Amino acid sequence: MRLTRIFLLLIRASVKSRMQYRFNFWMSTLLASLVNMSEFLMVAVVLLRFGGVAGWSLYEVGYLYSVISLSRVVYRSLANDVHNLDRYLVSGDLDQLLLRPLPLLVALMSQNFRILLGETLQSGGILAYCLYKLTASGQIGWPAVPLTLWIVLNGAVILFAIGLATATIGFWMTKVEVLQTLTEDASRSAAQYPLTLYPGWLRGIFFFVIPVAFANYVPALYVLRHEYGLWLLAASAGVACLGLAAALAFWRAGAARYQSTGS
Amino acid sequence: MLFAVLVRKAYRVNLQYRSSHLIHNLASSLFGFMYIFIWMGIGRTHELEGYGVKGMVAYVGFTQAALWVTTFATFGLGIPERVRTGQIALDLMRPVSLFYQTAVREWGQVAYQFLYKTIPIYLIYFFVFSLPLPSRPWTYAGTLAALAIGAFLIICIQYLVGIVSLWTTESLWFHWLNYALSMLLSGFFVPVEWLPPWLRAVSLHSFYPYLQYHPVKIYLEQESATVLGGGLLWCALLAGASAGATVLARRRVEVQGG
């Protein structure tokens, strides 16, 4: 409880410091939406041209895209500097965080809280539109809305676990940019499309090694296409919990062997 | 003379990290594999008009390799960092235009990336997917010319992105905006003719197709090198804009700290 209070306090301070540069905030919000929009258009163009892929309609793929984008927004808002841990390792700035009377991870997560307004509005808009279209056609009912919110949060935990585990490797390798490209960027881009597009071995990676499949594809199979059963959501939650526990244990092992740059 | 020296130096700086870059190549090629699998997946149920599955694999293989020459240039050609440290004041004092010095340095980087990124990455796709090679010798010359034009264009664009940092601290966002637009409009991943009409019109009225689309079409022998005339026109326009921005930048410079 005390930790949550401190975390919220630090986040408020972080937001306040960011809002000192109002123009920069609005400018970055606007440009971030444009960047995101163009990323989505790249997916949409393919769908419009071919009227869906691998048996998934435009709105279904829009759902996959926006759900994982929103999960990323939650993860990157709350834990931006977990993704940037290697900067702290290279500069030795992690020493300062270690001196604080807080768990290292909480101290790191409260640094540079970002309000990703542009991304939220853009992905949220697409999600709302896709849900509306899918409901109007009778494919899904209103329970899909609360379930989707749950899926977004569950996905955020999965993406956080993946991000944390990747960043932790930095305690051994220092620079993890290349790895992050693979585990965070490439896998998330891949998960914007139905996973049946990919060959079996790659699909296996997205299920068992970098489990992005459980962030959007697996839950969508139940919510949108009524396949298998409600247990798919339970399985996704199980993967999120297991992933988080494993990533936290790995983080503790990594942080224990941290050596400063000594500069 | 100065041109050759600066290009050589920039090339040598990069050479120090070549083994790390070669490992990086394996990672970046995986991104391309993903795009290729997407097209293979779509090709199972749809006809990929004008290309076929093999053609699209060759298309993505080439654009993924060409990215390193015509898209992934240094953010702002390093100018934002120089503005932050105050080094820009010294750069502007030099008896050579800022555009010339930064552009020439980038050419060294482009040469390095062509040899140590574009070619190895292309070779990976070439062997994994048994990609076809162009049959006409002229195609190679045309492709190299197209890549050189693309590289010149991206250098000008990054210069303009960089020089904006003299007036605002947000130049990074222009970099991201350019990156996003180039992903969509340059024909990387989706050929320009498959874009919806309004987006196709935007693309064809911009310089973006000269970064990826025209080079790959020339390489696949689906277009003749004469289309590069338009690219040269864009080169002249953007070089003019860059020169103009340099004149503006020299008028008054405020450097923080120091």
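Student: What share of the contacts in chain A with a separation of 6 or more comes from residues 24 or more positions apart?
Tutor: Residues 24 or more positions apart account for 75% of those contacts in chain A. Keep in mind that this is a predicted model.

Student: Okay, and how many helices and strands does chain A have?
Tutor: Chain A has 13 helices and zero strands. Its radius of gyration is 19 Å, close to the 18 Å that the globule rule gives for 263 residues, so chain A is as compact as a globular protein of that length.

Student: What does the C-alpha trace span along its principal axes?
Tutor: About 60 × 45 × 35 Å for chain A. Of the 263 residues, 51% are buried.

Student: Let's switch to cavities. How many are there of 30 Å³ or more?
Tutor: The count comes to one cavity of 30 Å³ or more. The volume of the largest cavity is about 80 Å³.

Student: Which helix gives the largest share of its lining?
Tutor: That's H10(A), with four residues. Helix H3 (58-78), helix H9 (144-173) and helix H10 (177-190) of chain A each supply at least two lining residues.

Student: And what classes of residue line the largest cavity?
Tutor: Five charged, three nonpolar and two polar residues. The lining includes A:Arg72, A:Arg76, A:Glu184, A:Asp185 and A:Arg188, and also A:Leu159 and A:Ile162.

Student: Now cysteines. How many disulfides does the structure hold?
Tutor: Zero, over all chains.

Student: Is A:Cys130 buried or exposed?
Tutor: A:Cys130 is at 4% relative accessibility, so A:Cys130 counts as buried. Buried means under 20%.

Student: What about A:Cys241, buried or exposed?
Tutor: A:Cys241 counts as exposed, because its relative accessibility is 55% and the cut-off for exposed is over 50%.

Definitions and conventions:
Residues numbered from 1 in each chain as written. Chains lettered and ligands numbered in written order. Predicted model: local features only at pLDDT ≥ 70, side-chain atom pairs only at ≥ 80, totals over all residues. Heavy atoms only, no water. Disulfide = S-S within 2.5 Å. Buried < 20%, exposed > 50% of the residue type's maximum accessible area, 1.4 Å probe, protein only. 1 Å grid on protein atoms, 1.4 Å probe; cavity = no way out; pocket = protein on both sides within 12 Å on 5 of 7 lines; lining within 4 Å. Points joined across faces, edges and corners; volume = space filled by probe spheres on them. Nonpolar A, V, L, I, M, F, W, Y, C, P; charged D, E, K, R; others polar. Rg over C-alpha atoms; globule rule 2.2 N^0.38 Å. Contact = heavy atoms within 4.5 Å.
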